Amino acid sequence: MSSTPSARRYWLLMWSLLLSLPAVIWFSGINLFATVPLDSLLAQGLYWLTSTGTAPYGVLTVLAIYALSYRCLPKKHFTALVLSVAVAMVSSLTLNQFLKPFFSEARPNAVLLQEQGLLNTKQFYMQEKADRQQQITVATEQYLQQTDAIALSDNIKQHWLHEVGFAFPSGHTLFAVSLSLVVSYFFVIAGQWWLPSILIVWTWLMGISRMVLGMHWSQDVLASSIIGGLIALFSLYWVLRWQTHWTRRYPATPSTFDSELPK
């Protein structure tokens, strides 16, 4: 994938690491939903972390990475990174919007409310978004009045009321995995390892936050990590192929970056 075998191996290792955690959680059958009290400081931290992949803050995340990349990478790599990230983000968003209604999987928090007799998920997901938000607001308020209810912080409660779409795939995980792998590619071939290492931890925590907060099942995060990696690979391949074609057609044009096509 890169100009050196070691960089290529590192990229593949990073993808494998991003897959390993959700895979272990899924194979073990562990349900992370509310394993942390959802009114605790730790849960609040996970909420703010998950917000880095939620609109409009996800845009700020991308812009922050662009700023870091501009300062740390050669221009030839930075330009390619911007194009590759753009392709990855558009691909992730498009695929996410298509797959959610196709699989029609209920979120864990909606299933919890159904188990309490407060929501019918089949009827719930047939309604318009505004009606779903109104219905889950009523159901959540009724649930929180129960003595054995999971306590929710105000922010996490609002997150429940806002996220009323289907579960599969995890858009946040698609965003984090595809962004991390694309950005890491260019940092690795530039010989800089610090940001890819940070992005591994950020992406892991993004997936964990989605499960703990009741937004996704472990299989959602695992499958989205696989799909996100494929999106990153496609984006890199497409941009590098385009750059190669452009250079061959206009040989006098300075090369945008000097790296091989993904293999």
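Buried, in what follows, means under 20% relative accessible area, exposed means over 50%, and partly exposed is in between, using a 1.4 Å probe and protein chains only. Isoleucine 189 counts as buried because its relative accessible area is 15%. This residue sits in helix H9; helices here are DSSP runs of H or I with at least four residues, numbered from the N terminus. Between isoleucine 189 and serine 20 there are 169 residues in sequence and 24 Å in space, C-alpha to C-alpha.

A word on the source. This is a predicted model, where local features need pLDDT of at least 70 and side-chain atom pairs count only at pLDDT 80 or more, while totals for chains, interfaces and linings use all residues. Residues are numbered from 1 along each chain as its sequence is written, and side-chain values use heavy atoms, with hydrogens and water left out.

Now the cores. A nonpolar core is a set of buried Ala, Val, Leu, Ile, Met, Phe, Trp, Tyr and Cys residues joined through side-chain atoms within 4.5 Å. The largest one has 40 residues, and those with the most contacts inside it are Leu81, Val85, Leu179, Leu181, Val183, Phe186 and Trp202. Two or more residues each come from H1 (5–28), H3 (57–72), H4 (75–103), H9 (171–189), H10 (194–212) and H11 (218–249). Which helix gives the most? H9 does, with 13 residues. Another core, of 30 residues, lies apart from it and includes Tyr125, Tyr143, Ile156 and Leu161.

Next, helix H5, residues 108–115. Six of its eight residues are buried, namely Pro108, Asn109, Ala110, Val111, Leu112 and Leu113. Their cover, counted by contact (heavy atoms within 4.5 Å), includes H6 (121–124), H7 (129–144) and H8 (154–162). After H5 comes glycine 117, with a positive phi near 75°.

Last, the cavity. By cavity I mean a set of points, on a 1 Å grid over the protein atoms alone, where a 1.4 Å probe fits but cannot get out; lining residues have an atom within 4 Å of a point. Searching the whole structure gives one cavity of 30 Å³ or more. The largest cavity has a volume of about 60 Å³, volume being the space filled by probe spheres set on the points. Its lining has 13 residues, with Pro22, Thr203, Trp204, Gly207 and Val221 nearest the centre. H1, H9, H10 and H11 each supply at least two lining residues, and H10 gives the most, five. By class, the lining has nine nonpolar, four polar and no charged residues.

Definitions and conventions:
1 Å grid on protein atoms, 1.4 Å probe; cavity = no way out; pocket = protein on both sides within 12 Å on 5 of 7 lines; lining within 4 Å. Nonpolar A, V, L, I, M, F, W, Y, C, P; charged D, E, K, R; others polar.
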